Number of protein chains: 2
Amino acid sequence: MDGPVLSKRTMAEQVADLLRQRILLGVLPAGTPIRQEHLATELGISRIPLREALKQLEAEGFVTIASHKGATVAPLSVAEIEELFQLRLHLETWILSLALPRLTEGDFATLDQLIAEQRAPDSLPRWGELNWRFHEVMYRPADRPLTLKMLKRIHDNIDRYLRLEVSLSAGRARAFREHEDLLAHCRKGDVAEALDLLERHIQQTADSLIDHLRARETLTTAD
Amino acid sequence: MDGPVLSKRTMAEQVADLLRQRILLGVLPAGTPIRQEHLATELGISRIPLREALKQLEAEGFVTIASHKGATVAPLSVAEIEELFQLRLHLETWILSLALPRLTEGDFATLDQLIAEQRAPDSLPRWGELNWRFHEVMYRPADRPLTLKMLKRIHDNIDRYLRLEVSLSAGRARAFREHEDLLAHCRKGDVAEALDLLERHIQQTADSLIDHLRARETLTTAD
DNA sequence: TAAACGAATATTGTATACAATCTACAAATC
DNA sequence: GATTTGTAGATTGTATACAATATTCGTTTA
């Protein structure tokens, strides 16, 4: 959508985007080691821009780099995921309270459309992106760019775990309803109720995901 | 204090630490361009580890990198500084409310000592570090490592502007009193009052700094 | 047999060399 | 004179080559 159309993007940037996508889509699951030489030859580049891409992804929380030992796709512990949801809770209720009075009719139309897109049967692979854009459109009028960037990072890191859960549980249908409810209350300008709904929305998503992860955890550690 | 004593630290890491210090201490003020070749020869290394250090510092918010144009020490706008203080306000009141019931006598002793150290007449160059450690000791029992890391980043970015103001205004004396008051209320376990004090502490620091910056701004833009 | 050692291999970290891009300034054009 | 164009120099981006560190696995030894 944005991003300069006619800019000579550097190899490092392109590689960072590519790897980020692979991680977000689950092609590279948490824990996967990343061999520089191997990946560099696969991409037809040298290791230098690849290393810079990895450093970028490390800063974004997707990759862990250990000196002389290499990079791996960063795993998140259940405790860390819980903490990320708590951060969301505090930051998003704050930023929504700022944004709510400034939402325009145009914003509401965009939000309607995003919900419709999420309804499409083939939207699953874009689930994370659509979900974030819904929240982003809602928060952007708050005019807190640093906070918004932080929130995107948090969402991305959560989403690569949420993806597993959303694709096979009833969580997806629930997310629709909660987004619709939230949007309706924002339209009415009902601040208190909207904030309360958002809080419950985040909390329920967290509970559902963490239950799921705990279940998988006991499964995989029991074999 | 922490940090592995016997680890072979990589050049990139050492350079990142060095540059971070120079930026935090004001040796490299905001806007300073960083010429890779020049700095690399000064440090006696090649540009490769220097570039990785710069990427790290960019992620931490201290440096801005523009493709094919180079790195500069990142300036913060007044709006961004205000936003950072607002983030502090929300995150720190939350994390203190978690930490407060878990503060031990040992923690209180450490906090007493940190205030004493700040009193020392030669503590000015370490002001930022001491100020952060006070808050860190207070928040660590909350056991929210990701939030704490975020807060350190925010503090560091604020402090390199605050340094100017603290060194020449009466803000330093006020910070002492506020830290002492805050500590006293934490000792008594007076949650509501402690949170209120913390909120006012952050807000007043913000107001004082921003006034100062606005004054300098009108001065420098008027010539 | 199991633990400890060590050489061979694999992998990452960094220096050097070259390619791509930007910047500054002078000449050309209107 | 103002704007554009073009070229030389400066600066960054990337490939290649080598150095330093880690890992593997066979061998030795208790």
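User: Which helices each supply at least two residues of the surface near DNA strand D?
Analyst: This is a predicted model, in which local features need pLDDT of at least 70 and side-chain atom pairs count only at pLDDT 80 or more, while totals for chains, interfaces and linings use all residues. Residues are numbered from 1 along each chain as its sequence is written, and chains are lettered from A and ligands numbered from 1 in the order in which they are written. A residue counts as near a strand if its C-beta atom, placed from the backbone, lies within 6 Å of it, and helices are DSSP runs (H or I, at least four residues) numbered from the N terminus. On that basis the helices are H1 (11-24) and H3 of chain A, together with H2 (36-43) and H3 (47-60) of chain B.

User: Which element gives the largest share of the side of chain A that touches chain B?
Analyst: Taking residues as in contact if their C-beta atoms, placed from the backbone, lie within 7 Å, 18 residues of chain A meet 18 residues of chain B. Two or more residues on the chain A side come from each of helix H3 (47-59), helix H4 (78-99) and helix H7 (145-168) of chain A. The largest share, seven residues, is that of H4(A).

User: What is the radius of gyration of chain A?
Analyst: The radius is taken over C-alpha atoms, and the globule rule is 2.2 Å times the number of residues to the power 0.38. Because chain A has 223 residues, a compact globule would have a radius near 17 Å, and the value for chain A agrees with this, at 19 Å.

Key. Two residues are in contact if their C-beta atoms, placed from the backbone, lie within 7 Å.
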